[in-house]
Amino acid sequence: MPEIEKPFRKTGDAAISESPLHPRRKSRRIMVGPVPVGGGAPISVQSMTNTLTADVPATLQQIAELTAAGCDIVRVAVPSQDDADALPEIVKKSPIPVIADIHFQSKYVFQAIDAGCAAVRVNPGNIRKFDEVGPSICKAATDAGISLRIGVNAGSLDKELYAKYGGPTPEALVASAMKEARMFEDVGFHDFKISVKHHDVVTMVQTYRLLASKGDWPLHLGVTEAGPTWQGTIKSCLAFGALLAEGIGDTIRVSLSAPPVEEVKVGCKLLEYMGLRPRKFDIISCPSCGRSQVDVIQLANAVTEGLKDVTAPIRVAVMGCIVNGPGEAREADLGVASGNGKGQIFIKGKVIQTVPEDQIVETLLAKAQEIAAQMETDGQLPATATGPVVVPVTQNGNC
């Protein structure tokens, strides 16, 4: 695979991203390669490859797919020597910054740094003799100009802290994170972010709130072992939504038992809907109800499938009755209000034509493609984009 041009953010980018819901928590800024994290920088979306890292072509292919979905930073597992040996080529050819994920063997940390990884994730709870090797890791990271992540997980909490606090409580997880943070800072190393993950939403939110009150470290949000797609998406959106609405969080990973690209799609859309990323392609559709005079579920699914590759920042409304349909369709860039065997097609609030029900889908798809093509011609397409997500709409309690 040829080396890929790296079009991502420039080192030192001073861009600031504010939340419309709450002022962002003040945290210090670090760099993960060219991507700024913390200090008000735009919240980045991360994922992790599930390929065998030593299989370089497969890993690079998956990284390319993640990049296309909007991923900013990718993490790769390094459980073996073969994986560590593969890092230089992966780093060289990856279009986005690579973080090495290290457990148990501290020697792989140093090898990852030498390979040019943008950052290394270390889990102090399971790195052998971390108290002894930690200062050396900090020095190596400083010399290489890279950052680290302290990754504290409920499932790998230090045994002494587990016993002291009676389990992976918020207090135990924060105590573990602060212990390692102090060790780093005591040797003059400050280029690190912290994650304190738990599978339980309430515990996770309480933990991050507590940690956020203790210092200005950049925070990586995650619900660990969140579960299958539907369950993990709900958990992640609840936890991230609560924290981001309070201004807490500088980078996120939605952990799903699903292909990694699905994690990125959910993460990007979550940030869009929180007002923390520019809106991209979006489909609004009403839920099915007794007022509908058209099969809304079938119609929404057909439009979603037909426009799955569109990345232009347009909003398409698929509405099934005359109660909310015309109003929602008029608010969208493109929309249809269906009923009585026909559909009124709107563009920018104006009815442009009325078509029979069996022509609604093909008409919407054609008009959406026309709008997307014009945006591309006008240079309005985003640098990274995500596919459509169907969002149920309610209005005045009617749906």
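Q: Why is Arg 25 called buried?
A: This is a predicted model. Arg 25 has a relative accessible area of 14%. Buried means under 20%, so Arg 25 is buried.

Q: What makes the contact between Asp 250 and Arg 25 a salt bridge?
A: The closest N and O atoms are 3.9 Å apart. The cut-off is within 4 Å, between a side-chain nitrogen of Lys or Arg and a carboxyl oxygen of Asp or Glu. The pair therefore counts as a salt bridge.

Q: Which parts of the chain does the pair of Asp 250 and Arg 25 link?
A: Distant ones. Asp 250 sits in the loop between helix H8 (229–244) and strand S10 (251–253). Arg 25 belongs to the segment before strand S1 (30–32). They are 225 residues apart.

Q: Why does Asp 250 count as buried?
A: Its relative accessibility is 3%. The limit for buried is under 20%, so Asp 250 counts as buried.

Q: How do you know that Glu 246 and Arg 209 form a salt bridge?
A: Their side chains meet at 2.6 Å, N to O. A salt bridge needs the two atoms within 4 Å, so the pair qualifies. This pair also links distant parts of the chain, 37 residues apart. Glu 246 is in the loop between H8 and S10, and Arg 209 is in helix H7 (residues 201–212).

Q: Why are Glu 246 and Arg 209 called partly exposed?
A: Glu 246 has 27% relative accessibility. Arg 209 has a relative accessible area of 39%. Partly exposed lies between the buried limit, under 20%, and the exposed limit, over 50%. Glu 246 therefore counts as partly exposed, and so does Arg 209.

Q: What makes Lys 269 and Glu 272 a salt bridge, and where do they lie?
A: The N to O value is 3.2 Å, and the cut-off is within 4 Å. Both residues lie in helix H9 (residues 260–273), 3 residues apart, about one turn of the helix. An α-helix has 3.6 residues a turn, so residues three or four places apart point the same way.

Q: Are Lys 269 and Glu 272 buried or exposed?
A: Lys 269 has a relative accessible area of 3%. Glu 272 has 8%. Buried means under 20%, so Lys 269 is buried and Glu 272 is buried.

Q: Why is Leu 238 called exposed?
A: Leu 238 lies in helix H8. Its relative accessible area is 53%. Exposed means over 50%, so Leu 238 is exposed. With Trp 230 and Ile 234, Leu 238 forms a nonpolar patch on the surface. Together the three have about 370 Å² of accessible area.

Q: Which residues of helix H3 (residues 106–114) are buried, and why do they line one face of the helix?
A: Ser 106, Tyr 108, Val 109, Ala 112 and Ile 113 are buried. Seen down the axis of H3, they fall within an arc of 150 degrees, so they line one face.

Q: What do the buried residues of H3 pack against?
A: They pack against helix H2 (81–93), strand S5 (98–102), strand S6 (119–122) and helix H4 (130–144).

Q: How many salt bridges are found in the whole structure?
A: A search finds 17.

Key. Residues numbered from 1 in each chain as written. Predicted model: local features only at pLDDT ≥ 70, side-chain atom pairs only at ≥ 80, totals over all residues. Heavy atoms only, no water. Buried < 20%, exposed > 50% of the residue type's maximum accessible area, 1.4 Å probe, protein only. Helix = DSSP H or I, 4+ residues; strand = E, 2+ residues; numbered from the N terminus. Arc of directions from axis to C-beta. Contact = heavy atoms within 4.5 Å. Patch = residues over 30% accessible without salt bridge, like charges linked within 9 Å, V, L, I, M, F, W, Y side chains within 5 Å. Areas by Shrake-Rupley, 256 points an atom, 1.4 Å probe, with all protein chains shown as cover.
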